[in-house]
Amino acid sequence: MNIMPENSKNIAIVGAGLVGAGWAMVFARAGQQVKVYDASETIRRGLPEHLGTSLEALHRHGLVTETPAAITARIQIVETLPQAVADADYIQESVFEQLELKKAISAEIDQAMAPQAVVGSSTSGFSGSSFMADLTRRTQFLVVHPVNPPQVIPVVEIVPTPWTKPQIVDEMRSFMQAVGQVPVVLNKEIDGFILNRLQGALLDEAWKLFEEGYASAADIDATVSEGLGLRWAFMGPFETIDLNAPLGIEDYAQRFSGMYQRLASLRHETAAWSKETIDRATAECRSALPVAALTARRQWRDERLMALIAHKKQQV
Ligand SMILES: NC(=O)c1ccc[n+]([C@@H]2O[C@H](COP(=O)([O-])OP(=O)(O)OC[C@H]3O[C@@H](n4cnc5c(N)ncnc54)[C@H](O)[C@@H]3O)[C@@H](O)[C@H]2O)c1
């Protein structure tokens, strides 16, 4: 396959829940022709409205120039998997996160895809080799892991299996850039990839601090939303410390490595995620925000993220 960025490609989306629908928008707004298949008729029926609402919000924030109607005109919802994948150059699989299902759906795609097509799986946590090993065309499969919602948050982790052709990894990086995403390429497989390993380390520490009563969930959250996280929208941990000592990262390491090594040596047992601690966190979170208000808060989050992405685009 040859995913040349400048060419319009045929894209298939298999599984069109939160993530698959987001992918459909990512590809269609970049001018690709997209066929979408989901096993659930309810999901297929609700998709046009979901796409319309999300694209309208992206349009309002200046993140797409075409009208939502012009973009959705490139998205076709189909009723079988072969209809979606038979003429696709690239197939993005986004079905439920269940290993047996990932194996089964990958095998179905393997049988129905064109000989040169490439298949990326959105899996959040399984290594590609745990479900791609037995495929006839396993050299054309890899993990292409987005962040939810992918039409708003651009980073994508590209993780080859030991069998993925190296050329496909390079092409996928170019292709993701061409459709407006920001690819991060892993040199080899690791559970959780990079994003969920970093997120998991922070969550582990947050649960532990909460469990041991050092602070409320709200105050731990504020440390990120009003502190660390403000920088993280613009730079990662390495650039953060490069800027936080007069002479850069080496200077920072000299000043603070002792402190961080001491903290690391005091590292606690992994957080237990015990029922008692979860109940306490739930009580605090629910008294601040009832379940019925979660959807509105998610919409608020997505709108704020879109405004931030629009701001970031103006800074380059
Ligand atoms: N939600 C997230 O935050 C997030 C982020 C990154 C990656 N992912 C990954 O993306 C994938 C999808 O997650 P999601 O959050 O969109 O889940 P979801 O439950 O919203 O959507 C999954 C969809 O897959 C469909 N499906 C199930 N079996 C199918 C089949 N055999 N054929 C076709 N469609 C089928 C379901 O009908 C459903 O619409 C998972 O692998 C998940 O780990 C999720």
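Let's start with terms: helices (H or I, at least four residues) and strands (E, at least two) are DSSP runs, numbered from the N terminus. Residue numbers start from 1 along each chain as its sequence is written. This is a predicted model, where local features need pLDDT of at least 70, side-chain atom pairs count only at pLDDT 80 or more, and totals for chains, interfaces and linings use all residues.

First stop, a proline. Pro149 sits in the loop between strand 6 (141-146) and strand 7 (155-160).

Phe193 is not a glycine, yet its phi is positive, near 55°. Look for Phe193 in the loop between strand 8 (182-185) and helix 8 (195-211). Is Phe193 buried or exposed? Here is the scale: a residue is buried if 20 or more other C-beta atoms lie within 10 Å of its own, exposed if 12 or fewer, and partly exposed in between, with C-beta atoms placed from the backbone. Phe193 has 20 C-beta neighbours inside 10 Å, so it counts as buried.

Trp273 also has a positive phi, about 50°, and is not a glycine either. Trp273 belongs to the loop between helix 11 (249-265) and helix 12 (275-288). Trp273 counts as exposed, because it has 12 C-beta neighbours inside 10 Å.

Now the helix pair. Helix 1 (residues 18-29) packs with helix 2 (residues 41-60) at an angle of about 60°, and their axes are 11 Å apart. Axes here are lines fitted to C-alpha atoms, for helices over the stretch in contact, and angles run from 0 to 180 degrees between N-to-C directions. The two helices are therefore oblique to each other. On that scale, angles under 35 degrees are roughly parallel, over 145 roughly antiparallel, 65 to 115 roughly perpendicular, and the rest oblique.

Which residues of helix 1 and helix 2 meet? From helix 1, Ala21, Ala24 and Met25; from helix 2, Leu47, His50, Leu51, Ser54 and Leu55. Contact means that two residues have C-beta atoms, placed from the backbone, within 7 Å.

On to the core. The largest nonpolar core has 56 residues, and Ile13, Val14, Ala24, Val36 and Ile91 touch the most other members. Helix 1 supplies the largest share of this core, eight residues. A nonpolar core is a set of buried Ala, Val, Leu, Ile, Met, Phe, Trp, Tyr and Cys residues joined through C-beta atoms within 7 Å. Take Val14. Not counting residues up to four places away in sequence, its contacts include Tyr37, Leu81, Ile91 and Ile109.

Val78 is in strand 3 (residues 75-78). Leaving aside neighbours within four places in sequence, Val78 contacts Lys35, Val36, Tyr37, Gln83 and Ala84. With 17 other C-beta atoms within 10 Å, Val78 is partly exposed.

Last, Ala57, in helix 2. Ala57 is partly exposed, with 18 C-beta neighbours inside 10 Å. Setting aside neighbours within four places in sequence, Ala57 touches Asp302, Glu303 and Met306. Arg137 is 80 residues from Ala57 in sequence, and 39 Å away, C-alpha to C-alpha.
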